[in-house]
Amino acid sequence: MKLFLVGLLILLSGYLLYGVIVKKILKPDDRETPALAKRDGVDYLELPHWKNMLIQLLNIAGIGPVIGVISGILFGDIVFVIIPVGCVLMGAVHDYVAGMMSMRHGGANLTELVRLTAGKHLYRVFSVFLVIALLLVVAVFINVPARLLAGMIGGNSAFLWSVVGIFVYYICATMFPVDKIIGKIYPVFGAVLLIGTAALLVTLLFNAFKDPSLLMESEAFRSKMFTAAGHKPVLPLLFVTIACGIISGFHATQAPIVARTIKNEKQGFNVFFGMMIVEGFIAMVWAAGALAIYNKFPALIGTNPNGVLATITNTFLKSNLSSVVVVSVIILAITSGDTAMRSLRLSLAEIFHIDQRPVLPRLGVVLPLILLTAGLLIWSNFNSDSFQKLWTYFAWSNQVIAVFALLAGSIYLFSIGRPAFITVIPGMFITFVVVTYIFWISPEHGGPVGLGLDLHHAYLFAGFIAVMLFAWAKIRGDEVKMNK
């Protein structure tokens with residue numbers, strides 16, 4: 001109970017205190033933003049500040065801060081501290097820097113920002129990787145909400161029709177101007193999400209004050225929680241399991257969508273830094289709900305997170321509120337999947353210099369994406385193992401994107417002579433996590449194919465690579481500064 005309340009305090013104080021430091025380093029000003037300078041009525045246009053905040057929140061708050069933390073809390077109640085600290089020092093900074101860089105480079109996508117900072121060679125490698133990663137994101141964010149919808153509707157064909165409906169919506173949201181679908185329905189979705197989360201928080205606190213042990217590690221919970229001895233070390237697995245509630249590279253692919261609709265740079269802090277803090281809050285609430293339900297029903301530990309989600313809502317909320325909360329989780333996934341597909345379209349159009357104002361060129365980019373995503377969906381639903389592989393590679397690739405985003409942000413800050421510790425420190429950490437995962441993971445360690453080294457050797461290699469990579473960022477930043 002105490003750790004949960006301390007975590008909420010860390011989130012609030014991090015926004016009010018550390019956020020000021022980050023904002024002073026980036027120095028937002030009154031320069032003309034892409035929404036005004038490049039207005040095209042499709043992707044570049046001005047939206048109200050409150051809409052931009054809700055759009056960004058729903059873009060970034062996928063299933064990670066719900067489904068991810070239902071699994072992630074099994075690392076123990078220390079998660080109540082790791083989530084807010086990571087959210088403030090890593091995730092919020094990552095999102096804010098990515099958004100500000102995009103605004104200051106004409107609304108550029110992450111691939112273009114990597115090219116401008118890290119150079120053409122790294123840009124080519126990253127572009128291929130990002131396209132594959134975003135396809136995984138779209139496939140995951142069709143699968144998961146379709147499964148949840150099918151569970152609510154029932155019937156043998158419910159899943160298939162849910163997949164078709166969500167996929168068709170994604171195509172429409174990708175093709176239409178940003179203000180026609182996303183700009184109109186996201187505020188409604190945002191309200192549902194916040195109402196559902198607030199309802200769960202109030203109910204949890206009410207129950208926890210009567211029985212504080214609900215939000216503490218019980219003996220039954222400890223006997224089944226994740227440990228290094230059970231091939232579940234906090235480093236690196238926690239930061240791959242939870243991801244979106246702490247730091248997520250996927251967010252850097254979404255930032256340009258909103259960077260193109262912001263009227264003034266000074267609004268960027270609340271949109272990017274602030275909404276990541278809100279996502280951290282959502283993750284905290286769901287982590288608390290999961291811990292409470294595991295304490296009440298230890299048999300659920302290690303079972304399908306979707307089933308645990310249903311038990312959380314049915315146990316702690318009345319039937320009508322329970323439905324609202326489940327719908328809000330479905331919305332989380334859908335509103336990240338549609339903008340992932342939009343980001344994929346924009347990134348490919350930028351890479352191949354395809355004008356996106358006319359409808360036909362937009363359709364020309366989207367059609368191959370439809371075919372590739374359909375193929376992934378068929379494969380991922382072939383059996384349960386296929387979907388688990390899809391989820392694993394999605395989670396891992398997500399954090400690789402974060403490495404590139406923080407690397408680009410560090411080079412950018414070095415190049416303009418600003419303190420870069422705000423991106424270098426989280427960048428080195430998440431690089432350490434990703435490289436450790438690659439060197440350590442293997443079927444013998446309970447995961448996909450990797451190098452399968454012992455954990456201590458994986459740590460050594462990861463630490464060395466993280467230091468070298470961001471030392472190079474300093475060298476590269478100085479080069480960019482000299483060439484300006």
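Start with Lys23 and Phe269. The charged end of Lys23 sits over the ring of Phe269, 4.4 Å from the ring centre. "Over" requires NZ of Lys or CZ of Arg within 6 Å of the ring centre and within 35 degrees of the ring normal. Lys232 lies over the face of Phe226, at 5.0 Å from the ring centre.

A word on the source. This is a predicted model: local features need pLDDT of at least 70, side-chain atom pairs count only at pLDDT 80 or more, and totals for chains, interfaces and linings use all residues. Residues are numbered from 1 along each chain as its sequence is written, and side-chain values use heavy atoms, with hydrogens and water left out.

Now aromatics. The whole structure has 14 aromatic pairs. Rings of Phe, Tyr and Trp (its six-membered ring) pair with centres within 6.5 Å; planes under 30 degrees apart are stacked, over 60 edge-to-face, the rest tilted. Phe269 and Phe273 are stacked, because their centres are 5.0 Å apart and their planes at 15 degrees. Both are in helix H13 (residues 268-296), 4 residues apart, about one turn of the helix. Helices are DSSP runs (H or I, at least four residues), numbered from the N terminus. Phe269 and Phe273 are both buried, meaning under 20% relative accessible area (1.4 Å probe, protein chains only).

Last, helix H1. H1 has a kink of about 40 degrees, centred on Gly14. That bend is the angle between axes fitted to the seven residues ending there and the seven starting there. Buried residues in H1 include Gly14, Tyr18 and Val22. Lys27 follows H1, with a positive phi near 50 degrees.

How values were computed. Helix = DSSP H or I, 4+ residues; strand = E, 2+ residues; numbered from the N terminus. Buried < 20%, exposed > 50% of the residue type's maximum accessible area, 1.4 Å probe, protein only.
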